[in-house]
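Here's a quick briefing on the salt bridges in this one. Have a look at the model first, then we'll go through it pair by pair.

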Amino acid sequence: MKHRGRHRRRRRGKALRATLAGTALALTAAATLISTSQATDADDPGALKPLTASAETAPLRLSEDHVSPDWLDRLSSEMGRPVGVRAVLDDTDGSLRDAGSCTDDDKRALPVEPAATRAYCWDGADVEGWRPGAVTTSGDADDDGHWGPGRVVLSAWSQGGTTADGTAAQGPAVTGTGTGQGLARVAFIDADDPADLRYTWAQLVVPVAGGQDYHGLVSPVTGMVWYQDKLLVTAGRGDGSALYVYDVDRVQRATVDGSTVGRVPGGWSAAGARYVLPSVAAYRTADADAPQPGGISLDRSTAPDSLVAHEAVPEDHDGPTRLWRYAFDDDGARAGLLATDPLLKADPVSAYETKLTHVRSVLSYGSGWYLGRMTGTPDERGTLWRQDTEGARPTRCGADETHRCWSGPSASLSYWQETGEVWSQSGRMLFALPLTSVDGSLD
């Protein structure tokens with residue numbers, strides 16, 4: 001398969017825009033009530049501060065570490081030939097519901113302003129015990145917005161912490177980690193028909209024991225970018241990794257329907273999922289105190305394309321928060337990987353500091369950085385800011401000009417350049433809205 005859209009047909013223009021307009025939803029009615037306790041969040045963070053000193057940027061350097069091809073080949077020989085995205089999409093686990101069929105409680109997770117033009121909800125039983133994470137799309141993977149013949153959305157979920165409905169999440173411990181923390185999985189969503197989104201689960205795993213076994217990835221997956229044939233996801237601090245890298249053409253079929261993850265008597269288990277995605281590489285920080293990416297997204301407005309990140313900080317962190325970007329490698333032999341030096345070290349190409357605290361999502365396009373932040377409990381609405389080196393502006397909503405218009409627990413922003421949409425998910429809602437509507441709602 002040829003992956004790069006710039007070498008294939010480009011399906012853009014009036015037909016696409018008409019399709020999107022025809023599927024737009026009137027979603028604001030269920031999400032317009034803002035309590036008086038959610039007061040105007042008017043603290044102006046001002047302009048981004050560039051970080052240029054080596055002492056400020058050196059901690060952001062990453063080391064690229066590959067899983068041995070022999071390990072991956074051994075897994076394939078034991079589990080069977082890997083499959084690609086199309087095979088996964090054709091083996092459906094379930095369907096998302098259109099917003100009109102979602103509960104009012106679920107729809108309260110949607111932003112007030114700008115309003116979602118497309119929205120879907122997950123069946124509560126299928127995500128019980130899981131919390132939503134990041135979103136990425138085939139609009140990230142390929143600049144024509146397609147992967148193969150169709151459009152695809154990837155949605156990450158993890159166990160532990162808080163579930164999609166705000167309750168404590170419970171679930172099986174990760175085999176082989178000794179941590180007792182939860183698992184991470186990704187839904188591959190067939191988004192070709194906006195009225196019928198179907199998905200299939202794949203467990204994110206890490207090969208161990210020379211490729212004779214694997215264990216589950218331990219990470220909340222607050223950031224995820226699908227670029228070319230690679231999927232980059234944020235990692236927890238447990239093993240010093242900042243990002244894990246997966247190859248979407250190396251999905252493996254689980255052979256045993258079990259509650260654990262890894263090799264079991266009779267075959268391979270993936271905690272109920274029928275597919276596993278083994279990591280092929282990782283990016284590691286220099287030391288345990290180095291900044292970790294909390295959220296990531298793709299920026300196609302740079303040359304070359306780049307990966308942007310915001311710093312993962314504790315809930316009681318009072319700022320400032322660092323933002324930075326890495327360039328993607330334009331060498332075809334390193335498709336989907338970050339640009340590195342001969343020692344496989346990836347340095348940021350730019351870095352900034354924002355006075356905004358509790359940043360939970362990041363998107364960069366053109367000169368602007370779009371930052372979503374929590375301003376209270378997950379039940380309260382957050383704010384969405386556009387910030388650059390000249391200043392900052394939040395989205396505004398309501399007669400009282402409150403800035404708390406965004407979805408409180410939303411943890412991801414992904415820009416689909418072909419359609420002009422920003423995708424995100426919050427609670428049990430997966431939604432999209434035009435980037436132009438974000439800019440239009442800025443105060």
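A salt bridge here means a side-chain nitrogen of Lys or Arg within 4 Å of a carboxyl oxygen of Asp or Glu. With that cut-off, E78 and R263 form one, with N and O 3.0 Å apart. You're looking at a predicted model, where local features need pLDDT of at least 70, side-chain atom pairs count only at pLDDT 80 or more, and totals for chains, interfaces and linings use all residues. Residues are numbered from 1 along each chain as its sequence is written, and side-chain values use heavy atoms, with hydrogens and water left out.

**The overall picture**
- The chain has 7 helices and 29 strands; these are DSSP runs (helices: H or I, at least four residues; strands: E, at least two), numbered from the N terminus.
- Of its 443 residues, 57% count as buried, where buried is under 20% relative accessible area, exposed is over 50% and partly exposed is in between (1.4 Å probe, protein chains only).
- Take the contacts (heavy atoms within 4.5 Å) with a separation of 6 or more: residues 24 or more positions apart account for 68% of them.

**Salt bridges across the sequence**
- Searching the whole structure turns up 21 salt bridges.
- One of them joins D347 to R61, with the closest N and O atoms 2.8 Å apart.
- That pair links distant parts of the chain, 286 residues apart: D347 is in the loop between β21 (345–346) and β22 (350–354), and R61 is in the loop between α2 (54–57) and β2 (62–66).
- D347 counts as partly exposed because its relative accessibility is 33%, and R61 gets that label at 34%.
- Back to E78 and R263, whose side chains meet at 3.0 Å: E78 sits in helix α3 (residues 69–79) and R263 in strand β15 (residues 261–264), so the bridge ties together parts 185 residues apart in sequence.
- E78 is partly exposed at 39%, and R263 is partly exposed at 41%.

**Strand to strand, and a network**
- R322 and E311 make a salt bridge too, with their closest N and O atoms 2.8 Å apart.
- R322 belongs to strand β20 (residues 321–327) and E311 to strand β19 (residues 306–311), so this bridge ties parts 11 residues apart in sequence.
- Is each partner buried or partly exposed? R322 is partly exposed at 25%, while E311 is buried at 8%.
- E64, D329 and R334 are connected in a salt-bridge network.
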